[in-house]
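Please read the following briefing alongside the sequence and the coordinates, which are shown just below.

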Amino acid sequence: MFRPLAVLSAVAVLAALWLGPLLTTDADSFTAHMIAHMGVVAIAAPLLAAGIAGTRFDPLNGHRFAPLAIIASLAELVVVWAWHAPALRALARSSTLATAIEQASFLVVGLILWLSCLGHDGQDRRNAAGVLGLLMTSIHMTLLGVLLALTPRPLYGTAPVTCLGYTLSAGTDQQLGGILMLLIGAAVYLAGGLVLAARLLRGPDSAPHRLQRG
């Protein structure tokens with residue numbers, strides 16, 4: 001069943017993230033970047049997936065390839081880690097086109113992962129793959145967040161930056177960005193994996209709100 005409220009909420013989140021100061025006036029701030037990144041993959045993508053999963057708008061509707069969630073998790077790992085390499089981070093900061101490609105890639109891999117997990121049709125293997133895919137994503141988000149928060153020197157420049165009206169040193173800015181990845185990204189994917197695991201343990205017949213095809 002199509003859920004317009006979830007889709008509209010996702011669009012509103014994306015508009016606030018992409019049209020607000022995070023990627024414009026605060027573009028030099030890694031913390032601002034991480035707020036936008038986590039908002040896309042951990043808030044907007046699951047909302048959009050929840051709104052269209054199992055409907056005619058779902059590009060994965062009806063697929064029977066159980067390991068897709070695991071492949072999607074690996075794809076997200078590659079995309080996320082690549083865009084946080086210092087060279088690509090610098091490119092995204094200096095180019096509007098690169099920023100657009102970066103944010104679009106975050107949304108695409110995040111949406112595919114969430115759709116491959118939420119759009120289940122009662123197959124135990126597919127549900128189990130969804131659990132593993134979300135938990136794998138939580139793990140690599142945790143590792144990257146810890147790396148960014150604990151690295152003793154700034155990776156993305158040394159000049160102070162401004163984020164939402166606050167001036168931050170380069171080191172503090174990077175540490176806050178890493179902490180945000182831990183608090184939001186890793187936690188959301190872990191919670192999603194645990195919810196899917198509970199649904200798998202209950203079995204398909206006991207799920208109170210099974211997704212219906214639209």
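The second largest pocket of this predicted model has a volume of about 200 Å³, and 11 residues line it, among which Leu 118, Gly 192, Val 195, Leu 196 and Arg 199 lie nearest its centre. Two or more lining residues come from each of α5 and α7 (170-202), with α7 giving the most, five residues. Sorted by class, this lining holds eight nonpolar, one polar and two charged residues.

**Largest pocket**
- The space in the largest pocket comes to about 240 Å³, and its lining consists of 16 residues, of which Leu 23, Thr 24, Ala 92, Thr 96 and Thr 99 lie nearest the centre.
- The elements that give two or more residues to this lining are α4 (86-94) and α5 (96-118), and the largest share, five residues, comes from α5.
- By class, the lining of the largest pocket has six nonpolar, seven polar and three charged residues.

**A buried serine**
- Ser 73 sits in helix α3, which spans residues 68-83, and it counts as buried because its relative accessibility is 1%, under the 20% cut-off.
- Apart from neighbours within four places in sequence, Ser 73 is in contact with Leu 113, Gly 133, Met 136, Thr 137 and His 140.

**The chain as a whole**
- The protein chain has seven helices and two strands, which run α-α-α-α-α-α-β-β-α from the N terminus on.
- Of its 214 residues, 47% count as buried, while the chain exposes about 10,100 Å², with carbon and sulfur atoms supplying 73% of that area.
- Among contacts between residues at least 6 apart in sequence, 79% join residues at least 24 apart.

Conventions:
Residues are numbered from 1 along each chain as its sequence is written. This is a predicted model: local features need pLDDT of at least 70, side-chain atom pairs count only at pLDDT 80 or more; totals for chains, interfaces and linings use all residues. Side-chain values use heavy atoms; hydrogens and water are left out. Helices (H or I, at least four residues) and strands (E, at least two) are DSSP runs, numbered from the N terminus. Buried means under 20% relative accessible area, exposed over 50%, partly exposed in between (1.4 Å probe, protein chains only). Contact means heavy atoms within 4.5 Å. Accessible areas come from the Shrake-Rupley method with a 1.4 Å probe; for residues, only the protein chains shown count as cover. On a 1 Å grid over the protein atoms alone, a cavity is a set of points where a 1.4 Å probe fits but cannot get out, and a pocket is an open set with protein on both sides within 12 Å along at least five of seven lines; lining residues have an atom within 4 Å of a point. Grid points are joined across faces, edges and corners, and a volume is the space filled by probe spheres set on the points. Ala, Val, Leu, Ile, Met, Phe, Trp, Tyr, Cys and Pro count as nonpolar, Asp, Glu, Lys and Arg as charged, and the others, Gly among them, as polar.
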